[in-house]
Amino acid sequence: MSTGATTTVEIDTTLFITVSGPPGCGATTLCERLADAMGCPYVSGGEVFREIAEDRDMSLNQLTAKADESDEIDRAIDQRLQQIAEKWGMANKPFILESRLAGWLAGERADLRIWLDAPEDVRLERIEERIETEAEMRVREVSEAGRYESYYEIDIGDREFYDLHVNTARWSKESVFQLVRTALEEYDPDDDEGAFATPDVNP
C-alpha cells in the first residue's frame, strides 16, 4: 500500500518527453518531480507566457486580454515552444516540455509523449484554491479547443499519438510519478517498433 511519501530517486535517461493535459490534471506536479529525478530542464507553456509578458512589459492580465483579441500571442507562444523543442530534439539530453500542445509542437522530435487527465469534478477540486473559477475553466477549455482547431486544424481531443495516457485520479501523486518513471526506465529504443505519426504544426 502506498503511503504517499516521496522518495529521492534518479532516472538515468536522455529522453526528451512532453507532458500535456487540461487544467488540474497534475502536469506541473509530475513535471517538477521528473525534472528533479532526471536532473534536466523543464519548460512549460505558462512559463513562456510569463516571459512574453515580461518581454512586452505587460501584466499577465494585459497579455491575456491581448491574446483574446487575435491569434498573435498564441502563435508567438507556440513558436517559442516549437523552437525549444527543435533545440532539445537534437541535443540527446533529457528534457521536459509541458503545455497543452507540447506533444503536437514537438512532433517527431519528442521521444515520448504523455497525456494526463482526470474527471472534471476531480480537476475542479484540485484548482479550487486558484483564482480560476469552475465557469472560467470550462470556458477556457472550450475556447482553447476552438483556437487550436482554427489555427492548426488540431482536434485537441485526438489522443491517438500519445505514448502514455494516465488518469491521475486513480493514483496518488507519488504513484503517478512511479508509473511514468517505470515507463521511462523501461523504454528501450532497440525494442521500439514505432510511434504514431504526428501532423506537422506551423505556428
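Helix axes are lines fitted to C-alpha atoms over the stretch in contact, and angles between N-to-C directions run from 0 to 180 degrees. The model is predicted, so local features need pLDDT of at least 70 and side-chain atom pairs count only at pLDDT 80 or more, while totals for chains, interfaces and linings use all residues. Residues are numbered from 1 along each chain as its sequence is written, and side-chain values use heavy atoms, with hydrogens and water left out.

**Overall make-up**

- The protein chain has 8 helices and 5 strands; helices (H or I, at least four residues) and strands (E, at least two) are DSSP runs, numbered from the N terminus.
- Read from the N terminus, the order of elements in the protein chain is β-α-β-α-α-α-β-α-β-α-α-β-α.
- The protein chain has 203 residues, of which 43% count as buried; buried means under 20% relative accessible area, exposed over 50%, and partly exposed in between, with a 1.4 Å probe and protein chains only.
- Among contacts in the protein chain between residues at least 6 apart in sequence, 78% join residues at least 24 apart; contact means heavy atoms within 4.5 Å.

**Helix 2 against helix 4**

- Helix 2 (residues 45-55) and helix 4 (residues 72-89) cross at roughly 120°, and their axes come within 10 Å.
- Helix 2 is therefore oblique to helix 4; angles under 35 degrees count as roughly parallel, over 145 as roughly antiparallel, 65 to 115 as roughly perpendicular and the rest as oblique.
- The crossing of helix 2 past helix 4 is right-handed; a crossing is right-handed if the near helix is turned clockwise from the far one by less than a right angle, and left-handed if anticlockwise.
- On the helix 2 side the contact is made by G45, V48, F49, E51, I52 and D55, and on the helix 4 side by I73, A76, I77, R80, L81 and I84.
- The residues of this contact between helix 2 and helix 4 divide into 8 nonpolar, 1 polar and 3 charged; Ala, Val, Leu, Ile, Met, Phe, Trp, Tyr, Cys and Pro count as nonpolar, Asp, Glu, Lys and Arg as charged, and the others, Gly among them, as polar.

**Helix 1 against helix 8**

- Helix 1 (residues 27-38) packs against helix 8 (residues 173-186) at an angle of about 50°, with their axes 10 Å apart.
- That angle makes helix 1 oblique to helix 8.
- Helix 1 passes helix 8 in a right-handed crossing.
- In the contact of helix 1 with helix 8, 8 residues are nonpolar, 1 is polar and 3 are charged.

**The annotated binding site**

- An unreviewed UniProt entry carries the annotation "binding site" for G21, P22, P23, G24, C25, G26, A27, T28 and T29; such annotations may be inferred rather than shown by experiment, feature names are shortened, and positions are given in the numbering used here.
- P23 sits in the loop between strand 1 (16-20) and helix 1, and P23 is buried, with a relative accessible area of 6%.
- G26 also has its place in the loop between strand 1 and helix 1, but G26 counts as partly exposed at 27% relative accessibility.
- Apart from its neighbours within four places in sequence, G26 is in contact with L116 and R126.

- V43 belongs to strand 2 (residues 42-44) and is buried, with a relative accessible area of 14%.
- V43 and L97 are 54 residues apart in sequence, and their C-alpha atoms are 5.1 Å apart in space.
- Not counting residues up to four places away in sequence, V43 touches V48, L81, I84, F95, I96, L97 and E98.
- Q82 lies in helix 4 and is buried, with a relative accessible area of 12%.
- Not counting residues up to four places away in sequence, Q82 touches L105, R109, V201 and P203.

**Positive phi in loops**

- D57 is a residue other than glycine with a positive phi, near 55°.
- D57 lies in the loop between helix 2 and helix 3 (60-69) and is exposed, with a relative accessible area of 72%.
- E153, a residue other than glycine, has a positive phi near 55°.
- E153 lies in the loop between helix 7 (134-152) and strand 5 (164-167), and E153 counts as exposed at 70% relative accessibility.
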